[in-house]
Amino acid sequence: MKRLSIFVAITFIIGLSSLNVYAQDTLKLGIPLPLTGTNAKFGEIEKKSYEIAKDEINAMGGIKGKKVVLEFEDSQGKPEVARSIVERLIDVKKQPVVFGEYSSSCSKAIAAVAEERKVPYLVVTGATDDITQQGYKYVFRMNPTNAYYATGFMSFLNTVVKPKTIAILYESSDFGTSGAEDMVHQAKKAGMQVLLKEQYEKGAVDFRPILSKVKSVRPDVIYMVSYVMDAALLMRQIKELRIDAKLYAGGAAGFAIPEFVQNAKEASELVMTATLWSPQIAYPGAKEFAEKYKRLYKDYPSYHGAEAYSALYIIKDVLTRAKSWKANDIRAAFKATNLTTAFGPIRFEDKAGYTNQNFMDTLVMQVIKGKHQTIWPQKYASAQYVYPIPKWRERR
Amino acid sequence: MPELELFLQTLIAGFLLGGLYGLIALGMALIMGVMRVINLAHGDFMMIAMYIAYWLFTLFEIDPYLSVFVAAPALFLFGLAIQKYLLTPVMKVESILPHNLVILTVGLAMVFSNLATVFFTGDYRSTPVSYASNAWYLTDYWPDSPIELSLSMPWTLSFVIAVIITIALWIFLTKTDTGKSIRATSQDHDAALLMGVNVNRVRMVTFGIGMILVAAAGCLFIPIYYLYPALGRQFTNVGFVITVIGGMGSTDGAIIGGLILGIFESMTATYIGMGWAPAGRFAIFVAALVFLPGGVASILRKRRLGK
Amino acid sequence: MKKFLPLIIFAALCLVPLMDLSSYVMHILILVLMWSVIGMAWNILGGYTGQVSFGHAAFFGFGAYTAGLLYYHLEISAWWGIPGCVIILTALSLVVGYICLRLRGAYFALATLALGEICRVATENLVDFTQGNLGIMLRERTWVDKTWYFYIILLIAAGTYVLIKVVMESKLGYYFVAIREDQDAAESLGIDTTFYKTISLCLSGVLTGIAGAFFMNYMGYIDPGVVFPLYDISITIVMVVMVGGAATYWGPIVGAVIMVFLAEEIRSIPYIGAAHMTIFGVILILIILFLPNGIVGDFRKLMKPFKRKREATS
């Protein structure tokens with residue numbers, strides 16, 4: 001069929017035309033993000049944060065004198081698409097360094113490509129531990145992994161609450177699964193008994209059957225690893241069923257963003273969550289970034305925003321220090337990183353079975369009077385924690 | 001008495017859920033019976049209704065329950081247009097595979113859900129009404145009760161309204177001429193034609209009623225759940241699972257099937273594990289297809305004829 | 001001339017890697033070939049035997065997981081998944097066939113849809129065995145360069161094409177079409193419809209599974225959301241074949257070319273990119289309305305407006 005050969009010819013032409021010729025004074029950086037699909041909300045937050053950072057960096061003269069131009073590519077939250085985007089960035093656009101993506105599965109897929117092509121990749125948000133446990137030399141992760149998400153929270157539990165039992169609910173994604181697995185480890189270490197560990201599929205309409213089960217085992221702590229709408233629905237139904245536990249806590253993500261409070265309303269009050277960052281934290285530039293974001297977009301950014309914002313600064317730092325923009329020089333620059341960003345201190349270490357991983361303190365937030373406040377560790381706290389919490393019947 | 005409490009609470013949850021599911025399935029069953037098409041875009045029509053309700057709530061502060069009066073007519077007209085310009089022409093086309101109608105609805109579903117993403121973004125939206133987490137508690141009325149049971153206010157409200165709508169529909173189908181024409185066409189298309197029923201008009205009206213039902217279902221759902229563009233998919237699934245359990249085209253079957261599915265899902269979630277719930281839904285679907293192809297309706301029919 | 005066309009195209013494709021195209025273009029071509037295989041496989045069951053399946057993702061995913069789990073649990077190369085598929089997918093097809101083939105038309109379509117979803121949820125939940133949503137990742141892929149992948153999938157695609165031609169021109173093919181046209185009449189003529197439908201399903205399933213195993217090796221990462229989803233795989237397969245033309249040899253291939261190109265190219269355009277599913281949906285609707293036998297099937301209908309113009313000017 002003639003048509004097939006015409007198509008092949010058209011592909012050829014389009015393929016050639018996507019080759020990017022570097023303009024002299026600009027540095028084009030492509031960033032894969034989920035701009036549509038279920039994670040679109042977080043993709044949006046990160047995109048906005050990247051742009052704030054880019055404007056600031058350009059105002060200060062750009063990276064090595066070149067103006068930074070960001071091109072966001074929509075991975076739709078699918079690992080195959082993320083991979084294909086990054087392959088194009090590396091093979092066709094010859095980008096010297098890759099960074100971005102939100103979900104663990106996409107970050108994993110990109111990491112494999114980057115390692116294969118020997119191009120450095122900075123993981124910004126993907127949290128499953130295995131990404132930096134493969135011994136990959138070209139993959140660097142700035143954010144703490146799932147195993148470390150809850151360290152701040154565990155310290156709070158061990159110091160203040162001292163619970164004996166815990167029930168864990170988690171969504172079936174890789175984020176939920178690994179978050180739950182890690183909580184199980186932590187619970188065992190702390191001598192807590194895991195009474196229940198239940199997986200649910202995202203988008204469930206009715207949690208009451210499983211919550212009734214939770215109610216019947218009467219745990220001290222209810223720990224949930226969910227994204228925002230499930231988190232809101234869970235708390236609303238917990239309130240409705242009047243399940244009284246000593247503490248309700250989330251494993252970051254959905255529990256740590258303002259939408260949680262907006263959607264769960266009174267049910268979100270006094271709920272705690274592990275988190276990696278908060279707008280009140282005292283790292284340099286954190287408060288300014290949070291306020292700037294709020295002025296532009298009406299809400300405080302979540303920790304994902306802080307990660308994205310700081311990621312661009314890390315890239316700037318690495319590209320400035322690198323001897324050249326060849327892969328191995330950039331890699332060496334990454335390894336030598338010692339930078340304090342709005343997200344926190346960044347150093348890539350090989351430790352505890354991880355390669356090129358940044359280790360940071362994690363925090364605990366609590367919703368007090370409708371606002372997220374940092375409550376633990378106390379050196380970072382913006383408000384005093386509220387514990388013990390009153391029973392549902394006694395509230396209001 | 002925690003086991004009893006757990007069981008009763010699960011049963012209540014299943015019942016309430018089933019009532020709402022039934023409403024969704026009713027629309028689908030009606031359309032299926034008369035037009036012999038499985039409308040895989042059904043859930044997406046519901047999504048459209050929910051967005052209408054959402055915007056009315058956010059912009060004009062109209063309670064979602066009242067939005068039914070706006071969403072239902074809107075969807076009725078929209079459905080009529082789709083039916084006239086897209087569905088009917090395809091029914092007449094000759095092609096190798098007769099499944100074109102179903103595939104057409106799949107195309108529609110894709111277009112609706114994607115357009116919603118483009119216009120409204122993938123953000124999750126909800127209508128946080130003030131009574132969203134209110135509930136009636138057994139211990140408030142019977143302080144010495146050995147168990148605690150709660151009935152969520154919005155769920156119960158939605159359930160009651162769903163029941164009212166179902167009863168209204170039943171009256172319409174059995175007592176009015178149009179209703180009887182619809183049932184006749186559903187039972188035997190050609191016989192109805194011979195009896196002088198204007199089958200084309202019946203098709204249009206039925207589709208429209210199906211749309212009204214699904215719009216109502218959407219408005220009843222939005223206070224207790226939330227909204228996002230791809231929501232249609234899971235409710236379409238619910239819809240056709242119930243129509244198969246209940247019996248294709250049978251309205252009684254849809255109601256009973258809805259309750260069965262609701263209770264089954266709740267029980268599965270509690271006693272087997274929530275992660276399996278979606279698989280459970282499909283497992284019961286395949287089981288019904290294989291072991292009881294006529295659905296619950298065939299059991300009812302046997303009973304009726306048996307008399 | 002027409003007889004040699006497939007050979008010419010095959011030869012041309014063999015030469016493609018020598019043209020030193022960018023890795024990205026090779027990726028697109030590999031995807032086109034893979035989707036052609038899946039489309040052709042579906043076509044055996046759907047286009048030729050008339051059993052429209054909305055659940056082919058089950059076969060695709062099973063194939064991918066066969067390769068992936070062999071790698072993960074037995075630590076052998078994931079390429080063994082391809083021969084492994086033949087056994088496992090035949091078994092799966094027999095099970096699916098036993099449950100679903102007794103159903104007709106739309107019921108069959110829905111049942112396969114349900115089975116596809118059950119496979120997905122089961123894979124998600126059996127975390128100990130399948131790693132659930134953590135997915136399976138190949139530590140390193142066999143080749144970084146795409147050339148060998150291209151040749152492998154080209155071989156698979158060519159093999160599938162030849163197989164289909166041979167089958168459809170044999171008695172088996174006639175039985176399939178007879179079943180599609182009127183199953184009861186075929187049964188009354190003494191054709192064991194259940195047996196032949198099962199064969200059709202097995203062929204379809206195994207070939208789809210092989211494509212899945214290839215996918216695992218090529219992509220290096222799979223999880224239930226990647227290989228079992230309803231819209232992204234099952235319904236896309238239906239679209240590929242319907243747009244190209246069911247029950248034709250070239251239909252699935254043309255469909256694959258269109259769908260893959262549209263997907264990749266539309267996605268890159270800044271604002272329209274998000275609307276690519278809308279565009280697919282609209283194309284599907286238009287095809288159903290005006291070209292129900294697909295581009296290849298209704299080729300003459302498609303060419304009508306052009307012919308008329310020519311006549312008008314002469």
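Me: How do strands β9 and β10 of chain A run, and how many bridges join them?
Reply: In this predicted model, strand β9 (residues 247-250) of chain A runs parallel to strand β10 (residues 272-275) of chain A, and two bridges join them. One residue to look for is G250(A), whose bridge partner in β10(A) is T273(A).

Me: What's the order of the strands in the open sheet?
Reply: The sheet has seven strands in the order β7-β6-β8-β9-β10-β15-β16 (chain A), and their pairing is mixed. Neighbouring strands are turned against each other by 25° on average, if direction is ignored.

Me: And which strands stand at the edges?
Reply: Those are β7 (193-200) and β16 (371-376) of chain A; each has a single partner strand, so one side of each is left without a neighbour in the sheet.

Me: Which strands does helix α6 of chain A lie across?
Reply: Helix α6 (residues 151-161) of chain A lies across β8, β9, β10, β15 and β16 of chain A, and it runs at about 70° to β16(A).

Me: Switching topic, how many residues do chain A and chain C put into their contact?
Reply: Chain A gives 38 residues and chain C gives 40 residues, and the area buried between the two chains is about 3700 Å², with 60% of it from carbon and sulfur atoms.

Me: How many salt bridges cross that interface?
Reply: Two salt bridges are found across the interface of chain A and chain C, and in E201(A) and R120(C) the side chains meet in a salt bridge at 3.6 Å, N to O.

Me: Which element gives the largest share of chain A's side?
Reply: That is α3(A), with nine residues of the side that touches chain C.

Terms used. Residues are numbered from 1 along each chain as its sequence is written. Chains are lettered from A and ligands numbered from 1 in the order in which they are written. This is a predicted model: local features need pLDDT of at least 70, side-chain atom pairs count only at pLDDT 80 or more; totals for chains, interfaces and linings use all residues. Side-chain values use heavy atoms; hydrogens and water are left out. Contact means heavy atoms within 4.5 Å. Buried area is the accessible area (1.4 Å probe) that two parts lose on being put together, summed over both. A salt bridge is a side-chain nitrogen of Lys or Arg within 4 Å of a carboxyl oxygen of Asp or Glu. Helices (H or I, at least four residues) and strands (E, at least two) are DSSP runs, numbered from the N terminus. Two strands pair if DSSP finds at least two bridges between them. Axes are lines fitted to C-alpha atoms, for helices over the stretch in contact, and angles run from 0 to 180 degrees between N-to-C directions.
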